[in-house]
Amino acid sequence: MPSASDEDAVADLLEQHDQFISSMQSRFAKLQAVHRYWERNDIKGAISAIEKMADYAVLVDVMSIVIEKMDIVTLDICTCLLRLLSGLLGSDMDRHLSICLEMLLKLVRVFGSMIYSTISASTPVGVDIEAEQRFERCNLCFIELEKVKRSLPSLTRRGGSVSKSAQELNLALQEVS
């Protein structure tokens with residue numbers, strides 16, 4: 001005959017299990033929604049959907065794939081990603097931070113020089129719509145990268161692999177700015 005404390009422990013486990021299952025079902029549904037955009041090659045739509053979901057786990061799941069497919073990231077998509085990633089730096093989970101820092105490092109290596117050189121360049125004479133759009137995107141990226149820079153000291157003090165990644169990102173930002 002099981003004791004009352006055993007029954008309480010089993011009840012607690014079942015409750016936690018139900019919460020876990022519910023959490024995973026919600027995450028799966030969100031990832032399916034993102035996948036529908038992805039199948040249509042609407043990466044910007046997928047990122048917008050992730051932003052509306054406000055779910056770090058889903059963002060990290062998708063970023064772990066985008067890291068391997070950097071060829072799909074344009075300056076426009078970079079602008080959207082930086083906004084999400086700068087917010088993700090507030091997470092307490094090492095996995096979130098590690099993937100976020102890895103993605104930020106790749107974005108800085110690919111787009112950093114262009115962002116900083118565009119921001120520091122003199123404005124051209126005349127009307128150049130593409131140049132104005134590029135400047136606006138680079139300016140938005142610059143703003144988010146400045147937020148990232150302000151987050152790095154606390155991440156560096158954290159220790160472990162997160163600290164190492166934060167230091168590497170800090171060096172990459174110094175190289176391009």
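# Salt bridges and helix contacts

Me: In this predicted model, with which residue does Arg95 form a salt bridge, the closest N and O atoms being 3.6 Å apart?
Reply: The bridge links distant parts of the chain, with Arg95 in helix H5 (residues 94-120) and its partner in helix H3, 34 residues apart. Arg95 is partly exposed, with a relative accessible area of 40%. The residue that pairs with Arg95 is Asp61.

Me: Is Asp61 buried or exposed?
Reply: Asp61 is found in helix H3. The cut-off for a buried residue is under 20% relative accessible area. Asp61 has a relative accessible area of 15%, so the residue counts as buried.

Me: How far apart are the closest N and O atoms in the salt bridge of Asp61 with Arg27?
Reply: A salt bridge needs a side-chain nitrogen of Lys or Arg within 4 Å of a carboxyl oxygen of Asp or Glu. Asp61 and Arg27 form such a pair, and their closest N and O atoms are apart by 2.8 Å.

Me: Why does the salt bridge of Asp61 with Arg27 tie together separate parts of the sequence, and how many residues apart are they?
Reply: Asp61 and Arg27 form a salt bridge. Asp61 lies in helix H3 (residues 56-66) and Arg27 in helix H1 (residues 4-39), so the pair joins parts of the chain whose separation in sequence is 34 residues.

Me: Which residues are in contact with Asp61, leaving aside neighbours within four places in sequence?
Reply: Asp61 forms salt bridges with Arg27 and with Arg95. Contact means heavy atoms within 4.5 Å, and Leu31 is also on the list for Asp61. The contacts are therefore Arg27, Leu31 and Arg95.

Me: Which residue meets Arg137 in a salt bridge (3.2 Å, N to O)?
Reply: The bridge of Arg137 joins its side chain to that of an Asp. The pair links distant parts of the chain, since Arg137 is in helix H6 (residues 129-158) and its partner in helix H4 (residues 75-88), 61 residues apart. At 29% relative accessibility, Arg137 is partly exposed.

Me: Which residues does Thr79 touch, not counting residues up to four places away in sequence?
Reply: Thr79 is placed in helix H4. At 6% relative accessibility, Thr79 counts as buried. The residues touched by Thr79 are Arg137, Leu140 and Cys141.

Me: At what angle do H4 and H5 pack?
Reply: The crossing of H4 and H5 is left-handed. The contact includes Leu75, Cys78 and Leu81 of H4, and His96, Leu97 and Cys100 of H5. The axes lie 10 Å apart, and the packing angle is about 140 degrees.

Me: Which residues of helix H2 (residues 43-53) are buried?
Reply: An α-helix has 3.6 residues a turn, so residues three or four places apart point the same way. In H2, Ile43, Ile47 and Ile50 are among the buried residues.

Me: Which residue with a positive phi follows H2?
Reply: Most residues other than glycine have a negative phi. The residue after H2 has a phi near 50 degrees. Its place is in the loop between H2 and H3, it is exposed with a relative accessible area of 66%, and it is Ala54.

Me: What is the phi of Asn41?
Reply: Asn41 is found in the loop between H1 and H2. Asn41 is exposed, with a relative accessible area of 67%. Its phi is positive, in a residue other than glycine, and is near 60 degrees.

Me: Which residues make the nonpolar surface patch of about 250 Å²?
Reply: A patch residue needs over 30% relative accessible area. Ile21, in helix H1, is partly exposed with a relative accessible area of 34%. The patch is made by Phe20, Ile21 and Met24.

Terms used. Residues numbered from 1 in each chain as written. Predicted model: local features only at pLDDT ≥ 70, side-chain atom pairs only at ≥ 80, totals over all residues. Heavy atoms only, no water. Buried < 20%, exposed > 50% of the residue type's maximum accessible area, 1.4 Å probe, protein only. Helix = DSSP H or I, 4+ residues; strand = E, 2+ residues; numbered from the N terminus. Patch = residues over 30% accessible without salt bridge, like charges linked within 9 Å, V, L, I, M, F, W, Y side chains within 5 Å. Areas by Shrake-Rupley, 256 points an atom, 1.4 Å probe, with all protein chains shown as cover. Axes fitted to C-alpha atoms, helices over the stretch in contact; angles between N-to-C directions. Left-handed = near helix turned anticlockwise from the far one by under 90°.
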